[in-house]
Number of protein chains: 2
Amino acid sequence: MPRLTFWYEFASTYSYLSAMRIEAEAAAAGVEVTWQPFLLGPIFKAQGWTTSPFNIYPAKGRYMMRDIGRVAAGRGLAFRMPDPFPANSLKAARLAIVGVEDGWVVPFSRAVFTAEFADGKDIADETVLHEILDRLGLDAAGIIQRSNAAAAKERLRTATASAQALGIFGAPTFVTADGELYWGDDRLESALAHAQLGS
Amino acid sequence: MPRLTFWYEFASTYSYLSAMRIEAEAAAAGVEVTWQPFLLGPIFKAQGWTTSPFNIYPAKGRYMMRDIGRVAAGRGLAFRMPDPFPANSLKAARLAIVGVEDGWVVPFSRAVFTAEFADGKDIADETVLHEILDRLGLDAAGIIQRSNAAAAKERLRTATASAQALGIFGAPTFVTADGELYWGDDRLESALAHAQLGS
């Protein structure tokens, strides 16, 4: 089966758009998706940014909100800007790394994105994350403990370093088995088409 | 008839992609397009950039070349990176401003983009621009003289200031009659659909 890796960052507005549709789109295309959380912060920092480019460049930020609003409305998807933006996504990303190992990364990640961008919750708040794990029927306390252990932290650092090594500079980015990068929610269809060719 | 304004910059790779398809797409959608050349340089400078973001952020630049290559190939369109990049587009933009007044801005702009991105010509070179005007059956020498007069320079400055006032921060940008902005070649279809609704 053709494969595609979905590199995403919980603080990223366009990652939210992709997270909410990639499973359906990939199933329709017969492509298997690997969900790979990583952090954009260290990658942005390496190019001199200390916050989201949408904050650094206000015209771009205003456009992004308008653009996402239109796209979300067209898909019948709720969207509100998190406050603060960008959200601190470190805890959620470490939990998702545990979810990759355990096999619940997809429902967990979709629930985090929904809490953040539809329900206006602060995903830096551990009680929010605890609740999400609870609702998935998981051992929230035990998982949060594992996410704070050295192993999970190290795996997230390694994922972020791998993203950078692949040439990833933003999220979402879709990477095919033969190493083609597709950046941005609006490139999902092209990425799936390429994945199909390469199978 | 629904209308759409196409804001473009001759040095912009994605503007090239749109310039080569917008007339056909707009005709099919029943939308009338106004071609509006402007300069990105002053807008970039206002946000602290002295060159293209594709030069400032190398990973983004490498991705852009790959992305444009794929899209162009998919459309059967030639593409090569100009050298130097970005090209100095000032002379071409001033000429296009004269073309807006005289009614030949579309064929002139398409010819400039083709010379730059398909044929590898330097559009900062006046002989290249002279040849393009010649081939369009225009009075090249007279037009070049007008493009260097204060009136043309001022109209280009005004266009660039208007772009900035509209919230434009990159090219291509499509602006509908009711002031919606759509940034990037991959938003052309959405912009045309919105223009149709507003008619």
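# Close-up views of a predicted two-chain model

**View 1. Chain A as a whole.** A compact globule with 199 residues would have a radius of gyration near 16 Å, and chain A agrees, since its own value is 16 Å. Please keep in mind, as you look around, that this is a predicted model. Along its principal axes, the C-alpha trace of chain A spans about 45 × 40 × 35 Å. You can find 11 helices and 4 strands in chain A. Of its 199 residues, 40% count as buried. Take the contacts in chain A between residues at least 6 apart in sequence: 70% of them join residues at least 24 apart.

**View 2. How the two copies are arranged.**

**View 3. Where chain B meets chain A.** Here 12 residues of chain B are in contact with 12 residues of chain A. On the chain B side, the elements that give two or more residues are helix 5 (58-74) and strand 4 of chain B. Helix 5 of chain B gives the most, with 5 residues. What kinds of residues make up the side of chain B that touches chain A? They divide into 6 nonpolar, 2 polar and 4 charged.

**View 4. The sheet of chain B.** Four strands form an open sheet in chain B, in the order 2-1-3-4 and with mixed pairing. At the edges are strand 2 (32-37) and strand 4 (181-183) of chain B, each of which pairs on one side only. From one strand to the next, the twist averages 20°. Strand 4 of chain B, seen here at an edge, is also one of the elements that give two or more residues to the side touching chain A. Strand 1 (residues 3-8) of chain B runs parallel to strand 2 of chain B, and 6 bridges join the pair. One place to look is Trp7(B), whose bridge partner in strand 2 of chain B is Gln36(B).

**View 5. Strand 1 of chain A and its two partners.** Strands of a sheet pair through backbone hydrogen bonds, either parallel or antiparallel. This view lets you follow both kinds of pairing. Strand 1 of chain A pairs with strand 2 (residues 32-37) of chain A in the parallel sense, over 6 bridges. With strand 3 (residues 173-176) of chain A, strand 1 of chain A pairs in the antiparallel sense, over 4 bridges. Phe6(A) is a handy landmark. Its bridge partner in strand 2 of chain A is Trp35(A), and its bridge partner in strand 3 of chain A is Phe174(A). Strand 1 (residues 3-8) of chain A is mostly covered, with 5 of its 6 residues buried.

View 6. Most residues other than glycine have a negative phi, and most peptide bonds are trans. In chain A, the peptide bond from Asp83(A) to Pro84(A) is cis, with omega near 5°. Pro84(A) belongs to the loop between helix 5 (58-74) and helix 6 (90-102) of chain A. In chain B, the peptide bond from Phe85(B) to Pro86(B) is cis, with omega near -5°. Look for Pro86(B) in the loop between helix 5 and helix 6 (90-102) of chain B.

**View 7. Around Ala92(A).** Ala92(A) sits in helix 6 of chain A. Is Ala92(A) buried or exposed? Ala92(A) is buried, because 29 other C-beta atoms lie within 10 Å, and 20 or more are enough to count as buried. Leaving aside neighbours within four places in sequence, Ala92(A) is in contact with Phe10(A), Val112(A), Ile123(A) and Leu129(A). Glu126(A) is 34 residues from Ala92(A) in sequence, with 8.7 Å between their C-alpha atoms.

**View 8. Around Gln145(B).** Gln145(B) has its place in helix 9 (residues 140-147) of chain B. Gln145(B) is exposed, because it has 12 other C-beta atoms within 10 Å, and exposed residues have 12 or fewer. Between Gln145(B) and Ile56(B) there are 35 Å from C-alpha to C-alpha, and the two are 89 residues apart in sequence.

Methods: Residues are numbered from 1 along each chain as its sequence is written. Chains are lettered from A and ligands numbered from 1 in the order in which they are written. This is a predicted model: local features need pLDDT of at least 70, side-chain atom pairs count only at pLDDT 80 or more; totals for chains, interfaces and linings use all residues. The radius of gyration is taken over C-alpha atoms; the globule rule is 2.2 Å times the number of residues to the power 0.38. Two residues are in contact if their C-beta atoms, placed from the backbone, lie within 7 Å. Two strands pair if DSSP finds at least two bridges between them. Axes are lines fitted to C-alpha atoms, for helices over the stretch in contact, and angles run from 0 to 180 degrees between N-to-C directions. Ala, Val, Leu, Ile, Met, Phe, Trp, Tyr, Cys and Pro count as nonpolar, Asp, Glu, Lys and Arg as charged, and the others, Gly among them, as polar.
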